[in-house]
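Some labels for residues rest on a cut-off, and a student may wonder how each label is reached. Please look at the structure first, and then follow the questions below.

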Amino acid sequence: MKVITTLITFCVLSLFSTGVFAQTLEDRIKALEESLKKQEQTIDEQRKMIEELKSEVKRQPSPQPEGVAAGQPVPAGEMQQQVEELKEKVEKVVENQTRTQPGIFNPAIGVVGETIFGYRGKGPSQTGSDRPGGFDVYQRSVELNAAASVDPFAKAYIVANGSADPVTGELAWGLEEAALQTTSLPWNLELKAGRFFGEFGRLGYIHDHELPVVNRPLALAQYIGGESRTDGAQLNWLLPVDHYVSLTTGLGTQFGGDNPPNNPGEFRHLSGLNFWSRLSSYFDLTPDISLEPGISGLWNPRTASQWADPGGPGGNPDFPATLAKNTFIERERRLYGADLVLSYKPLRDNQFNSVTWGTELLYSDNRYDITNTGGNAIPGGSVGALGLYSYLAYKFDRQWTTGFMYEFVEDAVDKKAKTFAYSPYVTWVTSHWNQIRLQYTYTDHNAESTAAFGLRPDHAVYLQWAWIIGAHSHGWQQR
């Protein structure tokens, strides 16, 4: 009996609870329906208010232009002008809303200027420079650059450089760089083609106004010809390893600002091209200390003379007097380099305080053919010449840096002729677009260099003022 009573009680409770649940669900549905009806009524009311406001605006008289009395009809010409002005404003607003960048189709354009105020104790015949001795002021360069994306797969840039002629003072313009660079190749590859600065060493592909000192190091001027300009192609590969390792290789018809394109004869074989490569990496030794090593190589299997003219007895009249009795013809060009940059930049104040030490060692191992004044060939061979530069820069303020550079170079033809240079300097970066540098340089030569080239010790003072307007992708770099 108790069991039956329990079952009956359970069934009654179940039916009651089900009914309550159903009743609660129905109530909720009704509440939602009422809420939706209220929202629809509110929307309808808002629409009616908008229509009423529009009708009221149409009924109101148009504002009278200046000079027209109230109640006077507005001339059709002035009304049309107002409509056109309003239309133009609306179109500008729509255009700005649809475009992500106002100048999306225009290249970024910038200009860099560099003026040098200088004093040298000796003339060009005793210094080997193309600038006169004594006081000198000249516009060393005016650099016009433009860069933009070509499409989603490549970008391009161009750099035109104007430099002052040392004799006339006229600014002569030339195409310094014009290259296309890919942005989305697979396997961490990047291809560059055209005219550009080939990646060799540390400062060879850096523009003059970005160097840590006023003048390009003597070793780079002697073995590369200044900047590593080339007409060719260069491929960079970021190795797929956990650590940063970059490998660059390229080829071109020339390499170096002072070196013309190699054209041995009327037909250029593959051996007439320049081939170069660079391997570089980066290490964080501590949170405040970083190390950037690199090695480079350059090879031209078959080159033309860069040092003497084989035509005519006695060789090139511009060649040093003691060597003019023989004519040196460069037949193979080989250059090796190793560079290193060690930087201390404390995280707590790296914008105000840092120490950077940079150095690069170059070894030139060119092969020459030699003929005497009678046109007879004499034993030639390779000349191994060594050059290096090393600088230490201390940044003691956000705007101020002081440093010192030491240079040593052996002549590429006569390795017994040696030159030394010592350059303390101070740099004031007033802003990203304005930089002033004061530098003193003492240049010395050994007896062989003096006898062969007529060079003498020299004291020089330089004041470099460089500025940027517009866009400039390089910026002032600490290297």
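Q: Why is asparagine 188 called partly exposed?
A: Asparagine 188 has a relative accessible area of 41%, and since buried means under 20%, exposed means over 50% and partly exposed lies in between (1.4 Å probe, protein chains only), asparagine 188 is therefore partly exposed. This is a predicted model, in which local features need pLDDT of at least 70, side-chain atom pairs count only at pLDDT 80 or more, and totals for chains, interfaces and linings use all residues. Residues are numbered from 1 along each chain as its sequence is written, and side-chain values use heavy atoms, with hydrogens and water left out.

Q: Where is asparagine 188 found?
A: Asparagine 188 is found in the loop between β4 and β5, where strands are DSSP runs of E with at least two residues, numbered from the N terminus. Its phi is near 60°, a positive value in a residue other than glycine.

Q: What makes tryptophan 187 count as exposed?
A: Tryptophan 187 has 69% relative accessibility, so it counts as exposed. Tryptophan 187 lies in the loop between β4 (171-182) and β5 (189-197), and it has a positive phi of about 60° although it is not a glycine.

Q: Why is tyrosine 440 called partly exposed?
A: The relative accessible area of tyrosine 440 is 32%, so this residue is partly exposed. Tyrosine 440 has its place in strand β16.

Technical notes:
Helix = DSSP H or I, 4+ residues; strand = E, 2+ residues; numbered from the N terminus.
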